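Here is a brief report on a ligand site and a surface patch. The ligand site comes first.

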Amino acid sequence: MNRQLLYNPLRWLIIGAGAVICVVSALNLKAEALDTRFLFLTILTVTVASRITVRMPSVNGRITISETFIFLTMLLYGGEAAVLLAAAEGVCASVRMVKKPANLLLNGGVMAASTFLTVWALRSCFGPIINLPHSSVPATYVSALCVMALVQYVVNTGLAAAVQACKMGESVWHTWSKYCLWSSITYLAGAPAAYLIVKLIAAVGFSAVMVSTPIIGILYLTYRTYLKNIEVMAAAAKAEAAAAAEAEASAAQAEQARRHIEELSHYIAEQERISQALKESKDHFRHAAFHDALTGLPNRMLITDNLRLALERAHRCAGYHFAVLFLDLDRFKNVNDSLGHTVGDELLVAIARRLEAGLRPADMVARLGGDEFAILLDGISGVGDATGTAERIQEALSAPFSLRGHEVFTTTSVGIALGGVGYESPEDILRDADIAMYRAKDKGKACHEVFAASMYTRAVTLMQMENDLRRALEREELRVHYQPVVSLTTGRISGFEALVRWQHPERGMVPPGDFIPMAEETGLILPLGLWVLREACRQVREWQGRSPMHRALTLSVNLSGKQFMQPDLVEHVEDVLRETDFDPRCLQLEITESVLMDSAESAVAMLEALRAIGARVSIDDFGTGYSSLSYLHRFPINTLKIDRSFVGRMGPGVEKAEIVRTIVTLARNLGMEVVAEGVETLDQSEQLRALECDYAQGYLYSKPVSGEAAGALLAKRSPWHLSYGDVPGESYPATALNNVRYLKFA
Ligand code: C2E
Ligand code: CA
Ligand code: CA
């Protein structure tokens, strides 16, 4: 059932009942019994008592003293007066709390109804109420006071709870127990208090009691002050506790926040550390990608990037010039071979530092790999700046390096390319500087060359040649020519030197000087050299077989530096000897002085290995390199070939033959044989014979000729003694002599 629907009917029922009760009470009121004291009590009740409440802190309840006045009126003036007073008190007490007039009437009605029922109960049980204080039987007035208190309490609070419950839609019991239970004190205390006041008035008189009301008022105020103090103290304690709790809470919060920040800051620090580490590793990788690990210099990629920028700038700004220097160390390989790779690496690092020290901040030096470096000279005024820098660098690098107790000397070949609008890509500039560097090497190393367009043409030609030579080997375009080696004691051909030729389909016979260096550079010299060895061995073996006189014919074959360094050279030579059935003692392997001295330490082992298979070794072009006498002594060498430049300088005068004499003497002392190259005149031939040189080779006797021609030479001209003559016929046509037109056989 919806209780709220009952709210209004109940309200008006109570108001109506109250009104009826008031009217009935007013009609039954004995007006003559009312006096000024009644008026005083009524005023006191509706103005003061209805406002006074005494709080009971321990039970959380309140005592209103207006009930005491209603009970007092009931005991002094009877039920009707009490009912009317109660109705008035109900209205007045609620004026301050209730706004709606209906509710004022409701409170009045509740008070009127409950007081009416109390009066009715007392009268029913104990007869006229005003007689009750005068009863001498305690059981009577005690039980009367109990009925008075309980009925008033139950009915008053019961009606109020019923109305409230209907309004809120709750159960009456729940509302009553929640709001009204503790108000029983008001009634239980009020009834005996009223009884005592009646007794007091009887004893001391009304006026005396009324006089005591200020004292009661003072006591009441004191009590209120006391309560207030307790409240204040309690509130202060509570506030303190709350503040403490709050402080504690905020301290905890602060601690938590601090911890949070600390974890947070740890996290941030960790994040920072990670991002720092990430950044570092990124930097590291970026650095590694653009720098050389050994020297720390920028690498090819980085300098190419910078070259691209310089090139773009050159295209934009008319007056801007730059240059690239391409550096290659001369004979760096020797350092590695003789002192080891560690010293080689240290040399590269030391060179890097010297290069850096010798440049302007705007310039960049990079290591391209191996012993190659490149320098970008930014914003130069002309070619003079570039050649000047190249000279300074070459001078700086020529000072000895002190590495692990060794004094290491090095020289550098430098190629220079001037950057400008003629170039489209940085690779092209580097390529041209590289070409110029090769030109510097060709010119005898330790110098610099500025790139010229002709070099490019030459480089292209060389590249073309390389392809052609590769094909030449496959298509068998190579030939071996033979130049006789003449014994100066017997005048006979003692052997031949094999010299390679290239029978080019378009260019005709190409001399070795035009393709051997290139074959050496590209590695093609290895198959080429092996082919020459095999072909020459086969040919000479054939000649040897023609006559017992030719049985001991020797064959000299040139070995280039690369061939000589080939670890399996000895096996290759052995294979060829076996294949061609060639006597190793008839084979002379020619190695130039500079190749031997450049790799002195490893050369000793190789020479010994060659000697071990029975082959003989000659030092070619002797006198042009820088032979160390101590090495010469240690090398197991059979023959020295005096370079033709010394022979060519020999003339009629004795002093011009001094170098040749010295070399012959040296060879004698070292137990070696001597061959003189490039003998072009009879004088030279005679002088060499006088100096007791063993063998001679040169245009005087024969130019290098084809195998066929050489075979014919071998058949015809033996023994071969030469002297001046002027009668053609039996004579041999001189090739290089001006004063004698024919040579005659003795
Ligand atoms: P080389 O070993 O010093 O050969 C001697 C060179 O001097 C030959 O030049 C020869 O033709 C030349 N010659 C000989 N007699 C005279 C003379 O009286 N006057 C002048 N002016 N020159 C004379 P060629 O044949 O052009 O060979 C040049 C170089 O090429 C050789 O110098 C040698 O180092 C190299 N070479 C030739 N063939 C081979 C080969 O099969 N293998 C290797 N590795 N190198 C070779
Ligand atoms: Ca030679
Ligand atoms: Ca030579």
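This is a predicted model. In it, 20 residues surround ligand 1. The closest are Q483, R501, R644, E680 and Y699.

| Residue | Protein atom | Ligand 1 atom | Distance |
|---|---|---|---|
| R644 | polar side-chain atom | oxygen | 2.7 Å |
| E680 | polar side-chain atom | nitrogen | 2.5 Å |
| Y699 | polar backbone atom | oxygen | 2.8 Å |

Y699 makes its contact through the backbone.

Ligand 1 taken alone exposes 790 Å². The protein buries 83% of that area.

Which elements give two or more residues to the shell around ligand 1? They are β11 (493-504) and β15 (616-622). β11 gives the most, with 4 residues.

Now the surface patch. F116, L117 and W120 form a nonpolar patch on the surface. Together they have about 310 Å² of accessible area. L117 sits in helix α5, which covers residues 101-126.

Is L117 buried, partly exposed or exposed? L117 has a relative accessible area of 34%. Buried means under 20% and exposed means over 50%, with partly exposed in between. L117 is therefore partly exposed. Patch members need over 30% relative accessible area, so L117, at 34%, passes that cut-off.

Notes
Residues numbered from 1 in each chain as written. Chains lettered and ligands numbered in written order. Predicted model: local features only at pLDDT ≥ 70, side-chain atom pairs only at ≥ 80, totals over all residues. Heavy atoms only, no water. Near = heavy atom within 4 Å. Polar contact = N/O pair within 3.5 Å; in protein donor to acceptor, adjacent residues only side chain to side chain. Areas by Shrake-Rupley, 256 points an atom, 1.4 Å probe, with all protein chains shown as cover. Patch = residues over 30% accessible without salt bridge, like charges linked within 9 Å, V, L, I, M, F, W, Y side chains within 5 Å. Salt bridge = Lys/Arg side-chain N within 4 Å of Asp/Glu carboxyl O. Buried < 20%, exposed > 50% of the residue type's maximum accessible area, 1.4 Å probe, protein only.
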